[in-house]
Amino acid sequence: MALVSADSRIAELLTELHQLIKQTQEERSRSEHNLVNIQKTHERMQTENKISPYYRTKLRGLYTTAKADAEAECNILRKALDKIAEIKSLLEERRIAAKIAGLYNDSEPPRKTMRRGVLMTLLQQSAMTLPLWIGKPGDKPPPLCGAIPASGDYVAKPGDKVAARVKAVEGDEQWILAEVVSYSHATNKYEVDDIDEEGKERHTLSRRRIIPLPQWKANPETDPEALFQKEQLVLALYPQTTCFYRALIHTPPQRPQDDYSVLFEDTSYADGYSPPLNVAQRPSCPPPSDT
């Protein structure tokens with residue numbers, strides 16, 4: 001029943017999103033005429049080689065209208081982004097509900113383990129589609145945006161991706177990419193599934209063994225302070241694996257769609273670091289003091 005309800009709500013949101021996209025295009029088409037007038041007015045001023053009081057007054061009015069048009073379009077786009085975020089949240093809730101139902105449904109055969117190549121592709125797509133945080137003028141990026149850590153009392157939700165410190169088969173400890181299953185306030189412990197062994201291995205871990213991963217990408221052009229800085233130490237997901245290792249930031253992203261360039265600690269190299277490798281904003285997090 002819950003899955004049916006989620007499907008119905010998603011359908012409603014998609015309809016509302018479609019209407020907002022149409023409104024955006026209508027608003028943009030309506031404002032184009034004013035922008036053309038601004039351009040033509042500047043061309044006339046250049047031709048006449050003077051700025052008369054008439055042109056000043058006209059341009060002031062045109063720019064005031066253009067500002068109002070841009071703000072109206074921006075408000076519509078923000079509403080559309082909110083709809084997209086709600087749709088993604090409902091899809092994630094539906095996925096988790098289906099997963100839980102599958103775990104407790106003995107009548108169905110167990111699912112096959114996902115092929116590694118498919119898993120790597122899905123993880124790459126997940127990192128690429130991490131939403132970009134877009135605040136209003138004067139807003140500061142929130143916790144879990146880029147390099148900004150979670151607040152001290154933050155509890156990751158079921159389905160959230162985290163870095164989890166677990167014991168490996170050899171007895172050593174390592175940081176892995178995991179998905180939160182649940183959190184117990186009574187014991188202050190998480191249950192998490194290893195992403196690379198979904199349905200096979202579940203870990204019960206204390207809060208200090210869990211690092212929530214970013215939920216938004218930071219925009220280098222507007223919020224550079226929310227990015228890890230050059231030579232800063234981080235835990236980064238090694239390419240084509242589901243394990244985190246210590247690394248130094250070599251080059252932060254310059255544009256919203258850019259990756260970090262990092263140097264992984266590697267004793268096989270003379271200087272102790274690997275050549276630069278690219279990692280996405282999401283699979284990067286500050287290491288705890290005891291790593």
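Glu 86 counts as partly exposed, at 31% relative accessibility. On this scale, buried means under 20% relative accessible area, exposed means over 50%, and partly exposed is what falls in between (1.4 Å probe, protein chains only). The model here is predicted, so local features need pLDDT of at least 70 and side-chain atom pairs count only at pLDDT 80 or more, while totals for chains, interfaces and linings use all residues. Residues are numbered from 1 along each chain as its sequence is written, and side-chain values use heavy atoms, with hydrogens and water left out.

The partner to look at is Arg 9, whose side chain meets that of Glu 86 in a salt bridge, 3.2 Å from N to O. The two residues come from distant parts of the chain, 77 residues apart: Arg 9 sits in helix H1 (residues 2-48) and Glu 86 in helix H2 (residues 53-103). Helices (H or I, at least four residues) and strands (E, at least two) are DSSP runs, numbered from the N terminus. Arg 9 is partly exposed too, with a relative accessible area of 27%.

Side chains of opposite charge can pair when their charged atoms come close. The cut-off for a salt bridge is a side-chain nitrogen of Lys or Arg within 4 Å of a carboxyl oxygen of Asp or Glu. Searching the whole structure turns up 18 of them. Arg 9 and Glu 86 also belong to a salt-bridge network, together with Glu 12, Glu 16 and Lys 83.

## Two pairs with a buried Asp

Asp 69 and Arg 30 form a salt bridge through their side chains (3.2 Å, N to O). This pair also links distant parts of the chain, with Asp 69 in helix H2 and Arg 30 in helix H1, 39 residues apart. Asp 69 is buried at 8% relative accessibility, whereas Arg 30 comes out as partly exposed at 49%.

Then there's Asp 193 with Arg 202, a side-chain salt bridge at 2.8 Å, N to O.

What does Pro 275 contact, leaving aside its neighbours within four places in sequence? The list is Val 262, Leu 263 and Tyr 269, where contact means heavy atoms within 4.5 Å. For Leu 263, 12 residues from Pro 275 along the chain, the C-alpha separation is 6.0 Å.
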